[in-house]
Amino acid sequence: MAESKTISVVMCTCNGRNRHLAEQLDSIFGQTLRPTEIVVQDDCSTDGTLELLEEYAGKAPEGMAFRIFRNEKRMGINANFFSAMAKASGDYIAISDQDDLWMPEKLEHQMRAIGDGMMCVCRSVPFADDGGDLPFDRRRPSCNLIRLFYSSVAGHCQMFRRGLLDAVPTPAQCPDMYSHTLYDVILATTAAALDSITLLDEILVRQRRYAGAATFKESDSKRERGAGNALEMVMYGLRNYRRIKPFMARHFGIRLDFLRHINADNDIYKDGLRLLRYESRSGLCALAGIVKMYVRYRHTLFYSYEKDPVALVRALLHPFMQVYVYRYLAEGRGEGKGGKAKCFIRS
């Protein structure tokens, strides 16, 4: 286990009293490796959340600081979390949602696994309000930089060294990134650009899913693994590539600008810049460059490892399947007037 064991759990709340906040706090109190402190920053709750937090602050285990902050005005998810993380004093920070449940060994196992890395990512399993588990992909996921351009690592699965915050480009440097996507994508992208994410392939979080959750998204059966769905997505992409690609180019251009502000010097970072330059342009030359990079990274591009020839075929078809995934950008569900994000994008 790492020499420094001081851990801050950072939680942001907003009207969480009746959304299982007490259960999550109990699961943090019950960790086999207790955090040094819990930092909770409330975003103008009106439902008694602050009273519940004060109650739990009074019964925190000995040696655990329970620090509560309240925003004077609503900050929103990104500003609230980054502000709260800046207040943490631990050498390691673990992010907590207000309505999940942690396995008792979460912090202990992640601390043991992080090694010299900047971030350790565990796995989570979704469950419904009634307590029943929901379907999820049981395969070992990929979390390298190339993969994370097209997916996300949920904040509740992340533990990272506090020093990672110093490597994250600021909102002043990359305003579009902060208005376009979520804090956990920003953190994971930075750690992956430094080639410093450790995957702990253990389910250590039960993620509660309900329509009112801040990150809730309706499932799309077309994106479930299967030859029929893949064919439909490819056909959609072929028909709509020229229409949707300019919207995708702007989306990836924002990520390219963000990546350029990260001080990294390794092979996957350089290839990440190269891929995003292709992704942020339209035209046949850009498409050829994308395909070349997909083929190169075909064994790490997808959610989990694929053997050839399946990996090769998927890499060749992936540019068109991505058109289906990002179709909402052209349909007005991702952006409003002036190109401003109407909702955060997690991929």
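Predicted model: local features only at pLDDT ≥ 70, side-chain atom pairs only at ≥ 80, totals over all residues.
Numbering starts from 1 along each chain as its sequence is written. Local features need pLDDT of at least 70, side-chain atom pairs count only at pLDDT 80 or more, totals for chains, interfaces and linings use all residues, and side-chain values use heavy atoms, with hydrogens and water left out.

**Exercise 1.** Work out how covered helix α8 is.

*Solution.* Start with the limits: helices are DSSP runs of H or I, at least four residues, numbered from the N terminus. Buried means under 20% relative accessible area, exposed over 50%, partly exposed in between (1.4 Å probe, protein chains only). Now go through residues 183-193: 11 of 11 are buried, among them Y183, D184 and A193. Just past α8, D195 has a positive phi of about 55 degrees.

**Exercise 2.** Find which parts the pair of F29 and Y56 ties together.

*Solution.* Rings of Phe, Tyr and Trp (its six-membered ring) pair with centres within 6.5 Å; planes under 30 degrees apart are stacked, over 60 edge-to-face, the rest tilted. The whole structure has 11 such pairs. F29 is in α1 (residues 21-29) and Y56 in α2 (residues 49-57), so the pair joins parts 27 residues apart in sequence. Both F29 and Y56 are buried.

**Exercise 3.** Say which ring R314 sits over.

*Solution.* The test is NZ of Lys or CZ of Arg within 6 Å of the ring centre and within 35 degrees of the ring normal. The charged end of R314 passes over F302, 4.0 Å from the ring centre. Likewise, R327 lies over the face of Y324 at 3.9 Å.

Conventions. Helix = DSSP H or I, 4+ residues; strand = E, 2+ residues; numbered from the N terminus.
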